[in-house]
Amino acid sequence: MAIIINLDVMMAKRKKGLKELAEEVDITLANLSILKNNKAKAVRFSTLEAICKALDCQPGDILEYREEEEEEDGI
């Protein structure tokens, strides 16, 4: 996926644990973990807003676009 979620980086910078952030954002630990581990297919703006508020950051601090590399055929 071309969108990378750097939530773990921001959590480390702010010294916030998964449980603490989940409580502040009012999201389940499972859903926050999916987001943190870059497994999410989508994120609601309201959730992104709550995360940014809790971590005192901008959406661009959490979301990053990286161009996908094309897979080689091996021929």
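This is a short walk through a few features of the structure shown above.

Okay, so before anything else: this is a predicted model. Keep that in mind as I go.

Let's start with a pair of helices. Helix 2 covers residues 18-25 and helix 4 covers residues 45-55. Their axes come within 9 Å, and they cross at roughly 120°. Helix 2 and helix 4 are therefore oblique to each other. As for the hand of that crossing, it's right-handed.

Which residues make the contact between helix 2 and helix 4? From helix 2 you get L21, E24 and V25, and from helix 4 you get T47, A50, I51, A54 and L55. If you sort the residues of this contact by type, 6 are nonpolar, 1 is polar and 1 is charged.

Now, the cysteines. How many disulfides does the count come to? The count comes to 0. Just as a reminder, a disulfide is a covalent bond between the sulfur atoms of two cysteines. Take C52: the closest cysteine sulfur belongs to C57, and it sits 4.2 Å from the sulfur of C52. The cut-off for a disulfide is within 2.5 Å, so that pair is too far for a bond.

Let's move on to D56. You'll find D56 in the loop between helix 4 and helix 5, where helix 5 is 59-62. With 63% relative accessibility, D56 counts as exposed. Here's a pairing to look for on the screen: D56 and K16 are 40 residues apart along the chain, and their C-alpha atoms are separated by 11 Å.

Last topic: backbone angles. Two residues have a positive phi here without being glycine. One is K15, with phi near 55°. K15 is in the loop between helix 1, which is 7-14, and helix 2. At a relative accessible area of 72%, K15 is exposed.

The other is N38, which has a phi of about 60°. Where is N38 found? In the loop between helix 3, residues 29-36, and helix 4. N38 counts as partly exposed, at 29% relative accessibility.

So, to recap: helix 2 and helix 4 cross right-handed, the disulfide count is 0, and K15 and N38 carry positive phi values. That's it from me, thanks.

Notes:
Residues are numbered from 1 along each chain as its sequence is written. This is a predicted model: local features need pLDDT of at least 70, side-chain atom pairs count only at pLDDT 80 or more; totals for chains, interfaces and linings use all residues. Side-chain values use heavy atoms; hydrogens and water are left out. Axes are lines fitted to C-alpha atoms, for helices over the stretch in contact, and angles run from 0 to 180 degrees between N-to-C directions. Helices (H or I, at least four residues) and strands (E, at least two) are DSSP runs, numbered from the N terminus. Angles under 35 degrees count as roughly parallel, over 145 as roughly antiparallel, 65 to 115 as roughly perpendicular and the rest as oblique. A crossing is left-handed if the near helix is turned anticlockwise from the far one by less than a right angle, and right-handed if clockwise. Contact means heavy atoms within 4.5 Å. Ala, Val, Leu, Ile, Met, Phe, Trp, Tyr, Cys and Pro count as nonpolar, Asp, Glu, Lys and Arg as charged, and the others, Gly among them, as polar. Buried means under 20% relative accessible area, exposed over 50%, partly exposed in between (1.4 Å probe, protein chains only).
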